[in-house]
Amino acid sequence: MFIKNIELTNFRNYEHQKIFFSHETNIIFGNNAQGKTNILEAISLFSSGKSYRRVSDKNLIKYDCDFARIRIEFDSFNTEKSAEIIFTKGKNKFIKLNGISLSRTSELLGVFNCVVFSPEELYLINGAPELRRNFIDLFISSQKPLYYNTLKRYYKVLKQKNNLLKDINNNFETLNIWNEELAENGAKIIVYRKEYLAELSKRANEAYKKISGGREELKILYNQNVSSENYEKSDLKNRILEAIERKKQKEIAIGASLVGIHRDDIDFFIDGQDARIFASQGQQRSAIISLKMAQAEIIKNQSGEYPVFLFDDVMSELDSERREFIASEIKNSQVIITSTDRYSSGKKEKFFYVENGTVREVT
Ligand SMILES: Nc1ncnc2c1ncn2[C@@H]1O[C@H](COP(=O)(O)OP(=O)(O)OP(=O)(O)O)[C@@H](O)[C@H]1O
Ligand SMILES: [Mg+2]
């Protein structure tokens, strides 16, 4: 899969800009605050519908404008496709795929795949559990649309249950129905999350070993608040229900749901030690690179095509060993790199110079 071009209108600091990419390596360079990351952000919006900088849609619209429009043309299995997103000042967002309007952002998931490497991604190790859950949920959703529906249903019911808990009024019948549904969907979600994490962990460990010269072991584990060790899959729902039942009084007392997949987390271990507490910056960075490489491999395995690789300002921070590892892993995929200097990957490249919201291809 590769992106052929992107057209930005009133997006961040761009008034109007079209960029034609090489399907191999692209280097976007320029001083700080000129608009390099904004380009990667715009591209990545097509794979997740949300900014990886975790800002709300309205911040993407150029100051003093009413809307922003981004459009890409990309190639997937030798077929040319296009996608377009229009953000408006109101809450509405309009999405088109190959000229046809989509009613939900989620319909975009899995159509255009990219994997982002950015220094901020260390939040996946150090940040709040919710961020790790979002990462795994978005990843699985892009590969399995049914998972997204189950997840959406889960969170809808959870919200209703939380409202009820705040004002229960002896309505235990409704509470039981919702608990039943949360356990049912929660069990399905756990099975998927564990399956994907097992695969991510295995592949990330292989990558990590190469990065660390085979010296260290990386493990990524699902940290489940309802223990289900030694239980059959079919028992999982009952285990969750029992756990909810045990916490029922407490849930009512504090007016919130204490048990379920919305409280689960993902843990990173390097040589058996919790990476959040013990790993160095360099080890954490290597773990994230390994995780992302693993993600790309799984996308390739499931969809048949590698995603587009987006590297936001990370190359200059890596030592040559890690850089070479990345180059050797990526081989024939499209790569788009931002850097403050005119970085060269040593491959066939297209260079773009960015200055104050204007992009110029340079030789
Ligand atoms: N909604 C917006 N409207 C107009 N300008 C914006 C908007 N959002 C961000 N900007 C501007 O975009 C610029 C930042 O762009 P970007 O993050 O792409 O910079 P960068 O080139 O990646 O810089 P760095 O090298 O520091 O990472 C800033 O000047 C910021 O003020
Ligand atoms: Mg930047």
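In the predicted model, residue E206 is found in helix α5, which spans residues 172-211. Because its relative accessibility is 46%, which lies between the limits of 20% and 50%, E206 is classed as partly exposed. The C-alpha atom of E206 is separated by 8.6 Å from that of A294, although the two residues are 88 positions apart along the chain.

An open sheet is formed by 6 strands, arranged in the order β8-β12-β13-β3-β14-β15 with mixed pairing. From one strand to the next, the twist averages 20°. Strands of a sheet pair through backbone hydrogen bonds, in either a parallel or an antiparallel manner. Strand β14 (residues 349-355) runs antiparallel to β15, and 5 bridges join the two; E355 has T358 of β15 as its bridge partner. Helix α1 (residues 36-48) lies across β3 (25-29), β8, β12 (308-312), β13 (335-339), β14 and β15. The helix runs at about 145° to β12.

Ligand 1 is surrounded by 16 residues, of which A33, K36, T37, N38 and R53 are the closest. Polar backbone atoms of the protein also approach the ligand. A backbone N or O atom of A33 is placed 2.7 Å from an oxygen atom of ligand 1. Nitrogen atoms of the ligand take part in two further pairs: one lies 2.9 Å from a polar backbone atom of N59, and a polar backbone atom of R12 is found 3.1 Å from a nitrogen atom of ligand 1.

Definitions and conventions: Residues numbered from 1 in each chain as written. Chains lettered and ligands numbered in written order. Predicted model: local features only at pLDDT ≥ 70, side-chain atom pairs only at ≥ 80, totals over all residues. Heavy atoms only, no water. Pairing = 2+ DSSP bridges. Helix = DSSP H or I, 4+ residues; strand = E, 2+ residues; numbered from the N terminus. Axes fitted to C-alpha atoms, helices over the stretch in contact; angles between N-to-C directions. Contact = heavy atoms within 4.5 Å. Buried < 20%, exposed > 50% of the residue type's maximum accessible area, 1.4 Å probe, protein only. Near = heavy atom within 4 Å. Polar contact = N/O pair within 3.5 Å; in protein donor to acceptor, adjacent residues only side chain to side chain.
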